[in-house]
Amino acid sequence: MSEVRDFEGAVLSILDLPTGPNHIRTYDLELIAPQDLGTAVVQIPAGQRIAVEASVTSLADGVMFSAQVNARGEAECSRCLEPVQVPLNLNLHEMFFTPEAIARIRKESGEEAVADLRVLDSDELPLEEMLRDSLVTAMPYAPVCSEDCQGLCDRCGQPWSQLPADHQHEEIDPRLAKLAALLDPQPGQSEGEE
């Protein structure tokens, strides 16, 4: 059964993970999405449960965190502006190094080699930042309702999918618009009357 937690500040306790190499523990979590999880284009609705099936493997230099993350974003189609569901299914793999391993790598390869490494400095793995970064970067910049979406008519703004196949607008060259006005009957004047 999954353990339900808030997304904000979420951590994973690995106290039950043996310290010897190649021990594995699995965890099933459901994290409740906060208000601000998303981009300007795609949002994960607040309160939605994000499924995280994780495993943590103990290694000589730290632990390897692996997870399958499943969520659903909501957006507007970038072509026709209809609501669209955006499935977000991620596979994450993050290594957390012990402080001793970090010190050794720093000594062997310099400060730049450890600049982006995650440090295992307690019996808890911080999940929020890692999951937020992964989910947001997986969100599309221009979601579409379907790959063959034709978008909107550039004249009337209606979705092409809701318009008849012969839909068109009469195009009048702006240079001839005044001539067209001369051919239209004036209000109160019937056709053929001068």
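Which residues lie nearest the centre of the largest pocket? In this predicted model, they are I14, L17, T19, V63 and L120, which belong to a lining of 14 residues. The fold also holds an open sheet of 6 strands, and helices α1 and α2 pack on that sheet.

**Largest pocket**

- The volume of the largest pocket is about 250 Å³.
- Sorted by class, the lining comprises 8 nonpolar, 5 polar and 1 charged residues.

**Sheet**

- The strands of the open sheet run in the order β1-β3-β4-β5-β6-β7, and their pairing is mixed.
- The edges are taken by β1 (3-6) and β7 (118-119); each has a single partner strand, so one side of each is left without a neighbour in the sheet.
- The pairing of β1 with β3 (residues 24-32) is parallel and extends over 4 bridges.
- Within β3, I32 is the bridge partner of D6.

**Helices on the sheet**

- Helix α1 (residues 99-109) packs on the sheet, where α1 touches β6 (83-97) and β7.
- The direction of α1 makes about 75° with that of β6.
- Helix α2 (residues 128-138) also packs on the sheet, with β3, β4, β5, β6 and β7 as the strands that α2 touches.
- Between the directions of α2 and β6 the angle is about 135°.

Key: Residues numbered from 1 in each chain as written. Predicted model: local features only at pLDDT ≥ 70, side-chain atom pairs only at ≥ 80, totals over all residues. Heavy atoms only, no water. 1 Å grid on protein atoms, 1.4 Å probe; cavity = no way out; pocket = protein on both sides within 12 Å on 5 of 7 lines; lining within 4 Å. Points joined across faces, edges and corners; volume = space filled by probe spheres on them. Nonpolar A, V, L, I, M, F, W, Y, C, P; charged D, E, K, R; others polar. Pairing = 2+ DSSP bridges. Helix = DSSP H or I, 4+ residues; strand = E, 2+ residues; numbered from the N terminus. Contact = heavy atoms within 4.5 Å. Axes fitted to C-alpha atoms, helices over the stretch in contact; angles between N-to-C directions.
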